[in-house]
There are 2 protein chains.
Amino acid sequence: MVRLAKRMETMEGSARIVRHLFSAMTDPEIISFGGGAPAMEALPVDIVREIANDVLTRDKRGLEALQYNNPIGLKDLRDVVARILLEPKGVHAEADDIMIVNGGLEAMNLLCQVVIGPGDVILVESPSFVHCIEIFEMFQAHCVAVETDEDGIVPDDAERKMKEYHPKMVYVIPTFHNPTGKTLTRERRQRLAELGSQYDVLILEDDPYRDLRYSGEELPPIKVFDKTGHTVLANSFSKIFSPGSRLGYVVAAPPIMERLLDAKTATNSHTSALAQVLCAEFFKRGYFDEHLKKIRAIYRERRDVMIDSIDTYLPKGTKRVFPDGGLFTWVELPGDINTTELLQEAAAYKVAFIAGEGFFVEGGGKGRNCMRISFGNVPPEKIRIGMERLGRLIASKMK
Amino acid sequence: MVRLAKRMETMEGSARIVRHLFSAMTDPEIISFGGGAPAMEALPVDIVREIANDVLTRDKRGLEALQYNNPIGLKDLRDVVARILLEPKGVHAEADDIMIVNGGLEAMNLLCQVVIGPGDVILVESPSFVHCIEIFEMFQAHCVAVETDEDGIVPDDAERKMKEYHPKMVYVIPTFHNPTGKTLTRERRQRLAELGSQYDVLILEDDPYRDLRYSGEELPPIKVFDKTGHTVLANSFSKIFSPGSRLGYVVAAPPIMERLLDAKTATNSHTSALAQVLCAEFFKRGYFDEHLKKIRAIYRERRDVMIDSIDTYLPKGTKRVFPDGGLFTWVELPGDINTTELLQEAAAYKVAFIAGEGFFVEGGGKGRNCMRISFGNVPPEKIRIGMERLGRLIASKMK
């Protein structure tokens, strides 16, 4: 009976399959390296309670948390973003260049509303984040893969494809990439921003992991090199504050921001003021620095244990990324092991991961011997146990 | 430089104009009957603080508030909706028929993602809620107006237009309508549900004001009469809990719900878990009944003072709706006074309202002598002062 919109037909992609695969895995004994959730230990619940207790009173601040707010978001929180999160990284933005959104992903949805029509081309990294691909599919975009190597997206290939496909935008996760954990070099960041200006293509920079750095040197956002307003920076509070509060932000030049506000208004009016007030106070009261130090230590240990476990338990010839931060590493298995098939047997070994194929829009079996391994939400001792199980499963396939 | 999507061109509608008009009015001395915000006195900030203090601890509940959640929403809150908000009104729904969304308006956005393609027809009441029209415009729908009278939308005209336009849906606010304050009769509710089934048209029932009843007899939602799954019920926690938390819900039959979940995932993954946990506890701990009693008393008084003020201060021949609930009344001025022009002089009289024209998709100057008057967020003594000012302004035009 339901006559669906055409865009629903293009949404039968890999994200849905990934989701269904996962919802089937409800066994609590499974150690899952699948999801990208932060560690429970990294959620600042005690701080949020303290703030709520202090702020939710019948004065201006408390009422602000419960009353309607503006589409662009709470001024306080936009000031926090400008002063604490952007300025130190070299991004000069005013509060009015920043909109607060309902989680980082909403920025992609809204930018698509503003610029993407059916058939428009979006260049994405090969591989790219499967849940953003799903958004692009809903907007009936044609996603074209751009080559990546150990340093991230290859600008020469991006330029070639800008000339060939005249894309509306390039979607890129420059820092501790999802799914690969790789980081784009400084030179390539600059080059990408320049290509956006030169070919009149938006560079959508999605940078949710950037503050979770455990080693190596900090790099400027692509947005720093943007001289023409072609780079739109999307970021999230999910990894540095809390994913459940559903807060993110987008930084864009005025002509784009004006339209993003229209799209936001016609999507959900504004982002939860309750969540925004609590998050703004978290930063304004100076909790962020110490919290970040604490969660970096948690994740650094997990990263190190994960890399050691891969090297210990997975077979010879396995390639893996050593991520300088973030929550993921990317594993390429030797031989012709198909990880999608492997996953079907993983439940019997009480372990889970995400098979690599779904992250490649080009299809053709690319990434079929790869897997995304998430270490953020698994305690170190369980990482060893889970990876030993995974090692046994893989070994059983190599006989 | 920005190459916009085509849908942005269709969004230059009246909602944007209304917004711009309003953002210009920042004078704190203006008494505004414009916005639809709840009374500050109706925001349960003390209760929310108490709940936050109790719940945001390092146990399952507190961590749930800060961690990722599901696209469909918190099971607890969906149970609350089913048991406390739907069941007593005769709507039988299970938790899985209910999705929690980021404010009531998001339900309209998501349903459009699922069913509306460019050029698809949506039947709307004449007049209808301007911010929903804006959503429909973003999805490039063609909105066609259906006649209304003192009992709300006229089913015979809806049927005529179903035959003529083959619409995808009918958007209707049956209870204490925005902007008119009118309520659809029981017979028409049933007839509308039946027309949806008969002509395979979705009935999108938007019912955010229904619990704010101050007089008259409660009527069942349209959804009660739906035997085929053609009615989709959208509702909001904005008027009964808090708009700033941005919570709403949508009730739909399984084939629609499955697609709504895809659209939700590709819009913002899920609604703020932090807000959901606090709201669920508000109901589970039994605060709702007393709170509702309290806010109804606040609004009933304001409604009564508003109606009395209209009858006292506005000129002879003025028609107004006596709303049995909600936050609005609708005023039709005598003579040929144009309320859009009137509004431009209202700032000088330190009073504001929303001009009627913008609520009519059919244009042609319809509603040009009407205005939406909101009484929810203005204390009784200020209602009298503001309406006296408005009366003087109108009188000055009638000379």
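## A tour of the two-chain model

Select B:R320 to begin: this residue is partly exposed, with a relative accessible area of 31%, where buried means under 20%, exposed over 50% and partly exposed in between, with a 1.4 Å probe and protein chains only. This is a predicted model, in which local features need pLDDT of at least 70, side-chain atom pairs count only at pLDDT 80 or more, and totals for chains, interfaces and linings use all residues. Residues are numbered from 1 along each chain as its sequence is written, chains are lettered from A and ligands numbered from 1 in the order in which they are written, and side-chain values use heavy atoms, with hydrogens and water left out.

B:D311 counts as partly exposed, at 46% relative accessibility.

Next, select B:D120 and B:K168, which form a salt bridge with the closest N and O atoms 2.9 Å apart. The pair links distant parts of the chain, 48 residues apart, with B:D120 in the loop between helix 5 and strand 3 of chain B and B:K168 in the loop between helix 7 and strand 7 of chain B; helices (H or I, at least four residues) and strands (E, at least two) are DSSP runs, numbered from the N terminus. Both B:D120 and B:K168 are buried.

Move on to helix 12 of chain B, residues 339-346, where the buried residues are B:T339, B:L342, B:L343 and B:A346. Viewed down the axis of helix 12 of chain B, these fall within an arc of 105 degrees, so they line one face of the helix, the arc being that of the directions from the helix axis to the C-beta atoms. The face turned away from the buried side carries the exposed residues B:E341 and B:Q344.

Finally, show both chains: 82 residues of chain B are in contact with 82 residues of chain A, contact meaning heavy atoms within 4.5 Å. Across the interface of chain B and chain A the rule finds four salt bridges. B:D200 forms a salt bridge with A:R3, the closest N and O atoms being 3.9 Å apart. To the side of chain B that touches chain A, helix 9 of chain B gives the largest share, 10 residues.

Definitions and conventions
A salt bridge is a side-chain nitrogen of Lys or Arg within 4 Å of a carboxyl oxygen of Asp or Glu.
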